[in-house]
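Notebook open, viewer loaded. Here is what I looked up, roughly in the order I got to it.

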Amino acid sequence: MAGTIDPAAAQRWSADRVHALAPDASSQRAGAKLAAPGPWSGCGAQSAAGLLWGDCKGSGAKPYQVTVELSAEQGTPGYACSCPSRKFPCKHALGLMLLWSAGGVPEAEEPPQRVQDWLDARRERAERSEARKAAAAQRAAGEGEDADPAAGRKAAEAAERRAAQRIQRIDAGLDDLELWLCDQVRSGLTGLRAAGYRPIDDLARRLIDAQAGALATRVRELTHCLNAPEDWPERTLAEFSLLHLLIQGWRNRDALPAPLAATVRRRIGLTMAAAEIAEVGEHASGRWLVLGCRDLAADKLVERRVWLQRETDGRIAMLLAFAPPGQAFGIALPAGAVVEAELAFAPDAVPLRAVLVEHRVVENAVVENTVVERTALSQNPESVGEGPQGGTLDEAAAGFAAALAADPWTAAVPVVLDGAVPLVGPKPEDWQIVDAKGGGRVPLLASADGADPTRAERLCQTLLACGGAHPAPLFGLYRPAGLTPITIWNNGQAASLW
Amino acid sequence: MVTDTQPGDWAELVSIALVGTDRRPVPQAAGPGPGADRASQDPALVLLSQAALSALAWRVGRPPERFEGTLPAPAPADPRPPLPEPAARRLRTILESYPKYLPEWLAAVRAAGYRLPAAFLPPLLDLGRTNMLIRVDLAAVAGEPGRWLVAAGGNWKYLLREARSQLRPEDWQSPDPDDRIAYVAGLYLTDPAAARRLIRETWAGERVPVKLGLLALLSRYPDQEDLPFVQTLIRDSSKQVRDEATLLAGSLERKRDKPQPPDFTAEVARLLAGARGIGRDLHNFVMTRTGEPWPLDGAQLLLDALVEHGRRADQPAWTGWIAEQLQVAVADNAPVALRDRVAALVAEQALAMAPGGPGVNQASRIDLVSMLALLDFRRDMLAELAPPLF
């Protein structure tokens, strides 16, 4: 079907990309409901600038005034809506974006005054925060003559004191953990299993107080090991030994190779900020295919993981984003999209986590001798008809072994299979993944990694329906116990299974 | 005490850890392991250090097992053109927010001859399990890949009893009850009289599962001519068949004794002409006719009556609820051709409300904007499903 070529259409986001901005499933549904022209009036868009506006008829007499700015230069999208919702973006903003994505919002020359006012305020805020950041950077770097030397020294000393204090707390927490581990091993794991979750929960709390968050999460997962039906003694002892190894690694961290030391620090809970990764990490740029995306609800934050694969060499990277429930993520990349981006990999024994770095602007304008680094997202996803580059199950197993050798705490590795076929079982637990190329088979783990077990059946069905039992590229997480599928390709079309 | 196991043997370490190092000694490692200097004093630390090494081998697992069987037959190719992207997006909206339009949507997809994105098959097949009304269209739209999916795994066996896209005489020879039922279902779509004849001719030789499936078809396409035949089935040897036949015969008898349903437009006109206008009788009648397409003139009559009703301030409060229900029913069931009339009324209403206009008193209080939104939704939905150009 040939239609007229619409220049604005190329700049519009795909519906999947808009859906990825939704803070949760109910907002997504509510937004989709509003993606019909009915309740909208006074809509307009400047697709080139990523600017949308419109009035949405709600339950009240006055329509809600909605404004959205999606421009890449601002980094994160901006939303404004006169509705009282605390969701961000709210359903009205999502509905407007979906309407726009479907071509239902006409292009306009001039935005109305309220939109212009909002834009100006937003620009001003951005500038102020830039200026604040610059001032902070100046203070931090202000050991020179022009800044106040005493204040700078004081701040640096305070930061150093805080860091030393945290190290002390972690040291004490690990001593506590070691003592606990030894006590359990002395009196026998059977006793721990009988004692229920309480002792483990108490220990995890103490580790949180010791500011070793990742370690606390690890300790909490001991309950899963203890509750495993068959091999609980093996799994529990293995996890015990990993905790022991982590304690040893922390104490000897100065003697370890730098990447492994970074892994130990991360596994304890000393994570690196995105800005620091962008500064010290290994940079890699190119065209990246989005392999898949998963959201995991943790305590107070939802964690989004997005895996990318570089087209030139098949290298896999994982982006992490966090958002409180009901808030939008900074990254919205649906599976199958292609991103032209520069990434920075966090130092690690097995580098995987990365941050998006568009470009590095060195600005000397604000203050002399002050380097202000600005990182922003570069997202220009385009849909493509090519699938990912994959291998066999045997290669996945070898990859897992190699990762385990470098980072003994590895739980699973992201892999792409070239020709996967699901093998149907009576229950979701009985399904398998067959590698039609390499001839291997592994169990399909539909409800691993904290996934909703009630969704396991639907995941299996979708996998079967989308792949059609043709050998198809499949992206997932491999561990010796099995494979957790995330995305399947069929005729170059990516279908997300989550 | 002497143990003859090797230090660091994984199974041995696990069994020591289970009972505790207080009760069983730990074999000493020959060389220094991690933390050996400290560990030499504490058997628990010795055990943990040895376990850290042995656990690696356990955790790395074995290479994937070999697959020895034959791969399952892949899904058959579907030559139909893929569903246009806007329609696929709308299906998502329909499933999430407007399930009431799914039957109309499926019928339009079937008429246009599109192939569904495979990811939608599982949720649609789930809906068909409880919603019998969409099964015929769903089976046609799901097509051969849908049948393959059901046969390959999934709890949607009902689909196999629905008509295939083409009548296959070999299905009637098949020993599988589902195939035989699917054949008759297909025959009903092309030649109902032949289907009825076939059921009667072969009934005596059929097995119970086939009989039950055929009875379901007889009640899906009720026909008074079937009544004498169905009445003979009340004495069938199977209790299940007897029960179903009794139900069907009863329903056919009730339909025979009841007058034909009145013509929609004429009945609406009659009820509106009565003293009560927009009232309970009209509401009751209209609600029995939802889910079927309405004639345009009847829908227009109702719409005009609703607009007039909204203009009058002296209506009893309870009619407001009825008017709301009728509005939604009109928007859901009227031909989308009514949409332009509603759009014109919306413009009129806006004009009346504008400053300098006749004012609020002249404007109808009926929520035309919501009606227009629903009609727009249906209009766009159907427009997206125009048959592909070849």
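I call two residues in contact if their C-beta atoms, placed from the backbone, lie within 7 Å. This is a predicted model, so I kept to its cut-offs: local features need pLDDT of at least 70, side-chain atom pairs count only at pLDDT 80 or more, and totals for chains, interfaces and linings use all residues. Residues are numbered from 1 along each chain as its sequence is written, with chains lettered from A and ligands numbered from 1 in the order in which they are written.

**Entry: Val442(A)**

I started at Val442(A), which sits in strand 13 of chain A. Helices (H or I, at least four residues) and strands (E, at least two) are DSSP runs, numbered from the N terminus. What does Val442(A) contact, leaving aside its neighbours within four places in sequence? I got Leu393(A), Gln432(A), Ile433(A), Gly482(A), Leu483(A) and, from chain B, Pro64(B). Is Val442(A) buried or exposed? Val442(A) counts as buried because it has 25 C-beta neighbours inside 10 Å; the scale is buried at 20 or more other C-beta atoms within 10 Å, exposed at 12 or fewer, and partly exposed in between, with C-beta atoms placed from the backbone.

Two strands pair if DSSP finds at least two bridges between them. Strand 13 of chain A and strand 1 of chain B pair antiparallel over two bridges, and Arg441(A) has Glu65(B) as its bridge partner there. I also checked strands 14 (472-479) and 15 (482-490) of chain A, which pair in the antiparallel sense over six bridges. Leu477(A) is bridged to Thr484(A) in strand 15 of chain A.

**Entry: the A/B contact**

How many residues of chain B are in contact with chain A? I get 56 residues of chain B against 55 residues of chain A. On the chain B side, helix 3 gives the most, with twelve residues. By class, that side has 37 nonpolar, nine polar and ten charged residues. For the classes, Ala, Val, Leu, Ile, Met, Phe, Trp, Tyr, Cys and Pro count as nonpolar, Asp, Glu, Lys and Arg as charged, and the others, Gly among them, as polar.
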